Amino acid sequence: MHETAYEITTLTPQQPTQHPTMLPTEIPPEVQMVTLPGGIRTLAYTPTQATPAPPVPVAQPIPTWAKTTALLTPTVGGGVAAAGIGISYAAPGLIAMSDALWAAVALIAAAAVGVPVLLRLGRSAAGASRGTTHITQNITASGMFGKANGTINHH
């Protein structure tokens with residue numbers, strides 16, 4: 001059962017009632033005094049002006065940069081995917097090349113240490129059989145860019 005929070009009463013024009021009165025300045029502009037078909041005068045809401053409809057959104061053109069970006073996105077994504085596949089196929093070869101480069105570095109390092117040691121051993125063995133040789137070299141030059149002259153003396 002539905003109960004109303006207010007009491008509805010019907011008054012006929014013969015029954016005088018005492019209602020608080022409102023001044024005309026207190027009535028909002030959308031409310032007017034109207035006379036009903038039964039002769040009763042009451043306040044009613046009568047909108048004086050139609051409320052404006054919300055503006056209809058206008059379709060905006062898509063900017064050129066957005067179109068370009070949208071067209072390039074799959075291309076860039078495809079390129080990244082192709083690069084990933086290529087790297088996965090090239091990985092064993094890259095690992096082998098890396099191992100070969102490390103081997104080459106080790107060979108160069110061994111040569112840089114080993115060759116001078118071998119040369120020194122060879123000279124010392126050859127020097128033991130014959131006498132030592134002393135070489136003296138005198139170089140002179142005149143001026144910063146002058147021609148250099150030199151003499152070599154074997155002792």
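Reader: In the hairpin of E3 and E4, which residue takes a positive phi?

Author: This hairpin has 6 residues between its strands. Strands (DSSP runs of E, at least two residues) and helices (runs of H or I, at least four) are numbered from the N terminus. The residue with a positive phi, near 80°, is Gly143.

Reader: How confident is the predictor, as a mean, in H1?

Author: This is a predicted model, in which local features need pLDDT of at least 70 and side-chain atom pairs count only at pLDDT 80 or more, while totals for chains, interfaces and linings use all residues. Residues are numbered from 1 along each chain as its sequence is written, and side-chain values use heavy atoms, leaving out hydrogens and water. The average pLDDT (the predictor's confidence in each residue, from 0 to 100) is 79 for the protein, with 77% of residues scoring at least 70. Confidence is lowest in E4, at a mean of 80, and highest in H1, at 86.

Reader: In what order do the elements run from the N terminus?

Author: Start with the inventory: there are 4 strands and 1 helix. From the N terminus on, the order is β-β-α-β-β.

Reader: Over how many bridges do E3 and E4 pair?

Author: Two strands pair if DSSP finds at least two bridges between them. Strand E3 covers residues 135-141 and strand E4 residues 148-154, and their antiparallel pairing has a bridge count of 7.

Reader: Why does Met33 count as partly exposed?

Author: Met33 sits in strand E1, residues 31-35. Buried means under 20% relative accessible area and exposed over 50%, with partly exposed in between (1.4 Å probe, protein chains only). Met33 falls in the middle class because its relative accessibility is 44%.

Reader: Which residues does Val34 touch, not counting those up to four places away in sequence?

Author: Val34 is also placed in strand E1, and it is partly exposed because its relative accessible area is 22%. A contact means heavy atoms within 4.5 Å. With that rule, and with residues up to four places away not counted, Val34 touches Ile40, Arg41, Thr42 and Ala44.

Reader: How far apart are the C-alpha atoms of Met33 and Tyr45?

Author: Leaving aside neighbours within four places in sequence, Met33 is in contact with Arg41, Thr42 and Leu43. Tyr45 is 12 residues away from Met33 along the chain, and their C-alpha atoms are separated by 8.9 Å.

Reader: What accessible area do Val113, Val117, Leu118 and Leu121 have together?

Author: Val117 lies in helix H1, residues 64-129, and is partly exposed because its relative accessibility is 46%. Patch members have over 30% relative accessible area and no salt bridge, with like charges joined within 9 Å and nonpolar side chains (Val, Leu, Ile, Met, Phe, Trp, Tyr) within 5 Å; a salt bridge is a side-chain nitrogen of Lys or Arg within 4 Å of a carboxyl oxygen of Asp or Glu. Areas come from the Shrake-Rupley method with a 1.4 Å probe, and for residues only the protein chains shown count as cover. The four residues form a nonpolar surface patch, together exposing about 410 Å².

Reader: What share of the 155 residues is buried?

Author: The protein exposes about 14500 Å², and carbon and sulfur atoms supply 67% of that area. Buried residues make up a share of 0%.
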